[in-house]
Every structure is written in C-alpha cells, then in structure tokens.
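Me: I'd like to go through this model with you, starting with the charged side chains and then moving on to packing. Could you keep the answers plain?

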Amino acid sequence: MAEELKMPESKNFISAFIEEDTAPGGQYEGMQVHTRFPPEPNGYLHIGHCKALCIDFGTAEQFGGICNLRMDDTNPTKEDTEYVDAIKEDIHWLGFDWQDRFYYASDYFDKMYECAVELIKKGLAYVCELTPEQMKEMRGDLTHPAVSPFRDRPAAESLDLFERMKNGEFPNGAMTLRAKIDLASGNFNLRDPALYRINHMTHHRTGDKWCIYPMYDFAHPIEDAMEHITHSLCSLEFEAHRPLYNWVVDNCPLPAKPRQIEFARLGINYTVMSKRKLRQLVEEGKVSGWDDPRMPTLCGLRRRGYTPASIRNFCERIGVAKAASTVEFAFLEHCLREDLNETAHRVMAVLHPVKLVVTNYPEGRSETFTVENNPADPAAGTRELPFGRELYIEADDFLETPVPKYKRLYPGNEVRLKGAYLVTCTGCRKDAAGNVTEVLCEYDPDSRGGDPADGRKVKGATIHWVDAATARDAEVRLYDNLFSDADPDGGDKNFLDCLNPASLEVLTGCKVEASLADAKPSDRFQFMRVGYFCADSRDSSPARPVFNRAVSLKDSFKP
C-alpha cells in the first residue's frame with residue numbers, strides 16, 4: 001500500500017454542514033462521521049472521480065470518521081470484476097483505505113426488494129405497464145402534470161405483478177415499478193419515478209437470481225442507510241434528486257437517515273471524463289488502453305509518472321464548491337512539478353544524441369565524478385558518474401554558426417559539462433550529406449568539477465552529457481495532451497475530431513547514464529534540462545529501458 005498521506009484541514013461548506021450536524025443539538029450529535037465512496041464498476045477511475053474520492057475519504061479523515069468503499073453494481077449490463085480490482089488498486093495507491101468496510105450495492109438486493117414491497121403495501125408504489133417511450137410522452141411539462149393510467153392500480157394487483165416480474169414472467173421493458181409521489185411536481189424527479197426495471201441479464205455477483213434491478217435513485221439511499229452513513233456526499237447533478245433520496249429514506253423501513261450533500265464535479269480542459277467516451281477511445285484503438293499515459297484515468301496518470309501526493313494536493317487546492325468550473329490541466333502539471341522537484345533524482349539523459357569528442361583527453365583513460373542525486377534533498381545521497389574521451393550531448397547543444405544569444409557549443413565557445421570539466425568547442429565532423437556526426441572540443445584539466453583554477457568567468461551554458469562507453473540505449477516517449485482542443489466536449493463537437501495527432505512522440509536510440517538500466521517500474525527522475533520522466537510500468541526492463549515524460553520542466557501555469 002502507498003505511504004500514508006494526510007489531507008490538510010480545510011473549511012468548506014461540507015465541513016461547515018458536518019460541524020453543525022455533529023455539534024450539540026445537531027442531528028448526528030455524538031455520532032462518528034461516516035461517509036462512503038460508491039463508484040460504478042463499469043470503467044476505470046479518472047481524475048474527476050478522484051475529487052469525489054478525496055472528498056469522501058478526506059472528509060472522514062478530517063473529522064476522525066470512517067469511509068466505506070461500495071461498488072454500485074445495480075446495472076449488470078456494463079459491470080465487470082476487472083473494474084472492481086482496478087478501482088481498489090487506485091484507491092490504495094492514492095493512500096486511502098476502507099479497512100474491512102467493502103460492500104456492493106448487490107449486497108442489499110433482498111432489502112431493496114423488501115422495501116419495494118413495503119411501498120406497494122403502503123400505496124406508495126405501483127406496477128406501471130407504460131413503455132419507456134410512452135412514459136416519456138406522458139411526463140408532462142411545467143404546466144401539465146404527468147399521466148399514468150396504472151397509477152390507481154390496487155396494491156394487491158401490483159404486489160402480484162411485481163412478484164411475477166421478479167419471477168421472470170415478463171420481457172424487458174414490459175413493466176416498471178414506480179413510486180407514487182406527485183405527478184404535478186415542479187421537480188420532474190418526483191413525477192412517479194421508476195424504482196425497478198426488468199433486465200434479463202446475468203449479474204457478475206448474483207448470477208441469474210434477479211431479473212429485476214433497482215434504479216440508482218432508489219438503491220442509493222437504501223445502501224447508505226443500511227451502512228449507517230451519516231453524510232452522503234454526491235456530485236451536483238444529484239441535487240435535484242435529493243427530495244427523492246429523502247422520500248425513500250422517510251418511507252422505507254431503514255435503520256438510519258443519512259444526509260445528502262452535493263458539490264460541483266471536477267472539470268479539466270484538454271480532456272474528456274465521460275466513461276463512455278473513454279471506453280470508446282480504448283475500444284476504437286485511439287489509445288493503447290485504459291492505462292495509456294495520455295488518459296485521465298488514475299492508472300494512466302500513474303503510468304505516466306504522477307504521484308499520489310501531487311494528485312491529492314491538486315484536489316485539495318482546487319477546493320470544494322457548489323458552482324461548476326473548469327480547472328486548467330496545467331495546474332495539475334504544476335502540482336506534479338512541485339512534488340517531483342522535491343523527490344525526483346536528477347539524472348543525465350540525451351534524447352537526440354550526437355557524439356562529443358574531447359580531443360585532448362587521453363585515449364583509454366576514464367574517471368568518475370561524484371554528483372548529488374537531488375540538490376533539494378541532501379538525504380538522497382550521491383552517485384558516481386563515469387567520464388571519458390567520448391561523450392554524448394544533445395544535438396541542439398551545438399551550432400556551427402550560432403544564432404544571437406546562443407550560449408552552448410559553437411567553435412571558440414567555452415561551456416561547462418555538468419559536474420565535470422570546462423570544454424571549448426574546436427569544430428565538428430560531418431558525413432557526406434553535411435550532417436554533423438561528431439562535435440570536437442578540448443577540456444581544461446584544471447577545471448575538474450566545473451571550477452577553473454584561475455577563477456575565470458565562463459559565459460557559456462552548462463550542458464548535460466552521458467559517457468559514451470557506458471551509456472545505455474533507451475526508448476523515450478514524449479506525451480502531450482490527448483486533445484488539441486481545450487474543450488473537446490463542448491458544443492456540437494465530435495470529441496474524436498479534437499484528438500491531438502502530436503500527443504505521442506516515440507524516440508529511440510536515446511542515450512542514458514548507466515544507472516538508469518536499474519530503474520524499477522514507476523521510478524521517477526528529472527532528466528536534467530529536459531523534464532520529469534518515469535520508467536514505464538509495462539514495457540521498461542533492464543535490457544530495454546523505456547521512459548515516459550510525465551511533465552516538462554517549463555511551467556506554463558500562472559496562479
């Protein structure tokens with residue numbers, strides 16, 4: 001399990017409500033705060049779920065309470081145990097734990113059926129034979145109430161039909177069980193909503209025991225009450241459903257009365273967070289899978305190199321609000337840079353290599369330099385870097401004819417090789433096509449460590465390098481936003497038309513320092529002067545290192 005991470009205390013409207021509820025005279029006075037995180041196991045968690053996850057688990061932590069994990073598996077058409085396992089892994093990775101409080105909505109199917117029967121007996125529910133299309137046509141509008149010719153069906157008849165629905169006598173869509181609330185309500189969720197529908201499909205846990213399944217609006221409050229949840233924290237689209245939530249709690253034989261509180265969902269630019277659309281990207285091969293590092297899924301972000309601390313810090317800092325808003329993806333990247341700047345080891349990697357030959361360095365000689373792993377963390381220690389006559393540098397660190405303000409290698413210019421020596425460029429060698437194959441330089445033997453003995457000022461840049469004799473070949477994957485449009489979900493757009501053709505660039509033949517051959521999956525590094533990278537958790541191996549760019553060094557976010 002990931003290291004323990006604590007959510008900073010924050011005062012938001014949810015915290016204020018809970019403080020009021022648990023204070024003397026409040027409805028939950030003397031009770032432990034109890035929340036739940038109820039994902040539907042029909043896809044992988046994404047960064048949008050993460051906000052809800054952090055609110056549910058983080059709020060419980062803040063008040064010394066507990067949080068359940070519950071799989072909302074009321075819809076057997078889309079659910080799979082693969083998603084259940086992935087959700088549990090993601091939550092643990094973020095540093096949260098539900099201990100022994102892991103549940104399924106399907107745990108309560110018998111209780112839900114019992115509640116439905118009780119509502120029918122009370123005259124508060126009835127079996128309706130309208131098709132979904134007819135129900136929609138008869139829903140009415142703000143000046144006309146809804147209509148159902150079956151609303152006054154006797155309770156005994158509805159009880160008989162409901163049992164026969166359960167026993168599988170009717171086909172899908174033939175009947176529903178509806179609540180009898182208010183056909184003229186201005187809140188259309190109260191216009192006799194469906195509580196149960198027929199669905200002849202095998203459930204991933206209950207098999208073929210049931211062919212009727214509860215609607216979420218009916219199941220949700222029953223699940224919460226059965227688990228003695230005090231505060232049911234939901235995204236804002238459930239605000240209009242709260243009266244129905246309360247109606248179910250008030251009219252069913254349940255052991256507790258939870259309070260539903262809604263907050264705004266997380267929106268981020270340059271991405272989509274509809275599970276249906278993410279599934280489409282996977283199934284149509286637009287990405288390599290749910291864990292493609294360009295995906296906003298937690299497994300994709302983890303594979304790309306994001307850390308639990310960066311994601312939790314992001315969710316904390318964007319706050320909890322009632323009004324919907326869109327957060328810049330650049331802010332998520334900013335939070336990652338902040339974390340990796342403190343924790344990532346600095347290493348040498350050359351993505352577009354050209355050979356640098358130190359012509360006055362003795363042939364056959366080599367030496368080592370001691371370099372710090374992270375200047376921001378002395379406890380990270382040091383490592384030894386080999387140095388010899390032939391090195392690799394970035395191709396763009398040399399120009400035969402420099403442009404104005406260019407301070408890297410060009411004939412006559414002196415630069416620092418990071419942690420090693422001062423070198424002065426003396427020229428280059430080219431192939432028959434005029435391409436530079438080798439850059440030539442001479443080193444100052446009295447400048448070991450980059451400090452010249454005579455104390456002269458060096459105006460050239462400090463560039464990174466890799467020893468050619470010990471360098472390892474690596475594949476480097478440069479990831480960018482999956483979408484080129486900041487709002488791929490907006491208006492009449494087809495989100496697939498907004499895909500960024502430059503979202504992935506694969507570089508082969510990159511040269512990395514020998515120590516990186518030992519990188520373990522998901523180890524994170526700063527490639528000096530290049531960016532932050534992560535050893536790919538699927539494809540990287542000592543024989544074939546593969547690194548994903550998590551984020552560039554340059555921060556475009558402006559607070």
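Me: Which residue does E475 meet in a salt bridge?
Reply: This is a predicted model, and in it the side chain of E475 meets that of R477 in a salt bridge, with 2.7 Å from N to O.

Me: Are those two, E475 and R477, buried or exposed?
Reply: Both E475 and R477 are buried. Salt bridges that share partners also place them in one network, which joins D291, R303, E475, R477, D536, R538, D539 and R544.

Me: How many salt bridges does the count come to?
Reply: The count comes to 48 salt bridges. One of them links E262 to K322, where the closest N and O atoms are 3.2 Å apart. Because E262 lies in strand 9 and K322 in the loop between helix 11 and strand 11, this pair ties together parts that are 60 residues apart in sequence.

Me: And how accessible are E262 and K322?
Reply: E262 is buried, with a relative accessible area of 1%, whereas K322 counts as partly exposed at 32%.

Me: What about R178, what is the nearest side chain of opposite charge?
Reply: That is D192, 4.9 Å away, and R178 is buried yet has no salt bridge, since a salt bridge requires the nitrogen and the carboxyl oxygen to be within 4 Å. R178 sits in strand 5, and a polar atom of its side chain lies 3.5 Å from the backbone oxygen of R191.

Me: Changing topic: what is found in the loop between helix 7 and strand 8?
Reply: Among the residues there are E227 and I229. E227 is buried at 6% relative accessible area, and I229 also counts as buried, at 2% relative accessibility.

Me: Last one, on helices: at what angle do helix 2 and helix 11 cross?
Reply: Their axes come within 10 Å and cross at roughly 80°, which means that helix 2 is roughly perpendicular to helix 11. Where they meet, I47, C50, K51, C54 and E61 are the residues from helix 2, and I311, R312, F314, C315 and I318 those from helix 11.

Methods. Residues numbered from 1 in each chain as written. Predicted model: local features only at pLDDT ≥ 70, side-chain atom pairs only at ≥ 80, totals over all residues. Heavy atoms only, no water. Helix = DSSP H or I, 4+ residues; strand = E, 2+ residues; numbered from the N terminus. Buried < 20%, exposed > 50% of the residue type's maximum accessible area, 1.4 Å probe, protein only. Lys, Arg positive; Asp, Glu negative; His and termini not counted. Polar contact = N/O pair within 3.5 Å; in protein donor to acceptor, adjacent residues only side chain to side chain. Axes fitted to C-alpha atoms, helices over the stretch in contact; angles between N-to-C directions. Parallel < 35°, antiparallel > 145°, perpendicular 65-115°, else oblique. Contact = heavy atoms within 4.5 Å.
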